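Me: I want to learn how to read cores and sheets in a model. Can you take me through them?

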Amino acid sequence: MSSLDILAGRLPDGTVNTDPGTLREHAIDSWSLALLRRVRGDDLPEPAAVLFPARTGEVATILAWASQTGTAVIPRGAGSGVCGGAQAQTQAVVLDLSRMDRIGEVDTISQTVEVQAGVRGDRLEDELTRSGLTVGHYPQSIAISTVGGWIAASSAGQASTGFGAIEDVLLGLTAVLPDGEILRLRPVPRSAAGPDLRRLLVGSEGTLAVVTEATLACRPRPPGWEWLAFSYPDFTTMATALRDVRRAGTGAAVLRGYDETDAQLGFGALGHASGCVALAGFPAGPPGLAARKQAAAEIMAAQGTELGARYGEHWWQHRNDAVQTFAQIMGPDRTFGSGVIVDTMEVAGLWSAVPRLYGSIRTALSGHAQAVACHLSHLYPSGSSLYFTFLITGADDDEAETTYRAAWQQAAHSCGEAGGTITHHHGVGRLKAPFLTQDLGETGAHVLTRIRKALDPAGIMNPKGLRP
């Protein structure tokens with residue numbers, strides 16, 4: 001009897017799946033380079049099995065078995081990660097949490113919700129609508145990503161400026177450690193009981209434990225949104241205006257700023273021809289909206305030209321269209337043909353570094369890419385994220401891959417030189433692992449390695465993930 005047969009005997013029927021089609025489907029996630037390699041026909045590593053637990057206890061059984069047998073485990077949510085964080089290995093098992101999709105108690109007094117890790121974002125929001133609540137976590141991938149994936153990748157949603165990122169709404173969690181022991185961290189608004197173990201698992205990408213359940217903070221669902229939009233002659237002027245709106249306490253939950261290229265891509269349907277674009281979105285409902293919106297408008301109008309609310313309304317209606325566009329370009333149908341890669345690079349830095357980050361990374365990518373666009377989408381009093389989208393072309397897929405790697409290498413180096421972090425909310429995966437030491441420093445990378453060894457001495461948890 002094989003070790004997989006032994007495991008199957010400890011789990012409900014249908015939990016262990018070795019169907020060839022399922023193994024192939026779970027071999028990669030949505031990393032551009034992995035998708036290109038699949039379409040190119042590369043022989044990609046496939047797992048020995050895909051496991052579909054439905055309860056925390058089943059995950060504990062799986063990880064205890066894996067530690068005993070030395071079997072590598074690759075945790076997976078919905079497979080929408082774009083950095084290669086859930087790439088399979090030969091003889092490994094992929095732990096697919098999609099059957100852990102139960103939405104538990106909605107506590108309307110505390111405004112919290114209990115969920116399993118496999119719950120997808122759109123379904124969660126639909127359920128909370130019945131109680132007039134929202135988590136307020138709206139990643140572009142909301143319909144194809146899970147709560148567990150948000151925690152694993154340290155996700156941030158499109159309204160994070162006002163509603164916070166995943167660490168800000170994560171109140172409690174249940175996780176299974178590599179040896180099968182279950183860790184339960186009760187939901188509380190804040191605790192000083194030692195280092196925050198919840199935060200330790202945010203961004204851990206399945207290398208320290210498998211998060212199986214979470215309690216998330218909610219808030220009243222806005223009945224609508226009101227918008228401001230202004231045009232600016234250059235990126236730095238636009239960024240400065242948005243920074244000042246963020247610091248003024250106007251209550252804008254969405255702040256976004258597009259360079260000229262990204263503005264033309266996003267608002268060309270409205271006839272936008274030139275200039276950068278800044279958006280400010282205000283949830284309707286909280287008191288003082290008119291005065292707060294007016295304060296933001298005065299700041300934005302100082303050096304900008306008003307464009308009208310239709311820009312914000314257009315963005316809100318089409319804000320997730322890029323997910324489908326990406327699938328068309330990088331999927332099996334390959335709208336643009338072979339030799340084409342589209343990818344994104346989301347970095348972050350202090351406001352004093354933002355102009356340098358924009359200029360140096362854009363220059364680095366432009367040396368290899370046919371098109372580069374950038375926008376600001378997650379703003380803080382001290383700094384901002386910068387989200388680059390770029391298009392690589394080559395005579396064939398091999399040339400495109402070589403150019404893609406060179407673009408990433410130079411852009412990541414430029415990010416570090418300008419004082420930024422290589423990732424704001426997409427995580428690390430295989431793609432950014434070579435630059436992890438640049439971000440953390442030698443000592444920081446060593447600390448991360450020591451934490452992993454302490455929790456996972458057998459080295460079974462996503463072994464090639466978060467490897468400096």
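This is a predicted model: local features need pLDDT of at least 70, side-chain atom pairs count only at pLDDT 80 or more; totals for chains, interfaces and linings use all residues.

Reply: Residues are numbered from 1 along each chain as its sequence is written, and side-chain values use heavy atoms, leaving out hydrogens and water.

Me: How many residues does the largest nonpolar core have?

Reply: A nonpolar core is a set of buried Ala, Val, Leu, Ile, Met, Phe, Trp, Tyr and Cys residues joined through side-chain atoms within 4.5 Å. Buried means under 20% relative accessible area, with a 1.4 Å probe and protein chains only. Here the largest core has 72 residues. Phe235, Met345 and Phe388 are among those with the most contacts inside it. Helix α16 (residues 397-417) gives the largest share, seven residues. Helices are DSSP runs of H or I, at least four residues; strands are runs of E, at least two. Another core, of 44 residues, lies apart and includes Trp315.

Me: Why does Ser414 count as buried?

Reply: Ser414 counts as buried because its relative accessibility is 13%. Ser414 lies in helix α16. Contact means heavy atoms within 4.5 Å. Beyond residues up to four places away in sequence, Ser414 touches Ser360, Ile361 and Ala364.

Me: In what order do the four strands of the open sheet run?

Reply: Two strands pair if DSSP finds at least two bridges between them. The order is β1-β2-β4-β3, with mixed pairing. The edge strands, β1 (16-17) and β3 (73-76), each pair on one side only. Strands β2 and β4 run parallel, joined by three bridges. Val50 has Val94 in β4 as its bridge partner.

How values were computed: Buried means under 20% relative accessible area, exposed over 50%, partly exposed in between (1.4 Å probe, protein chains only).
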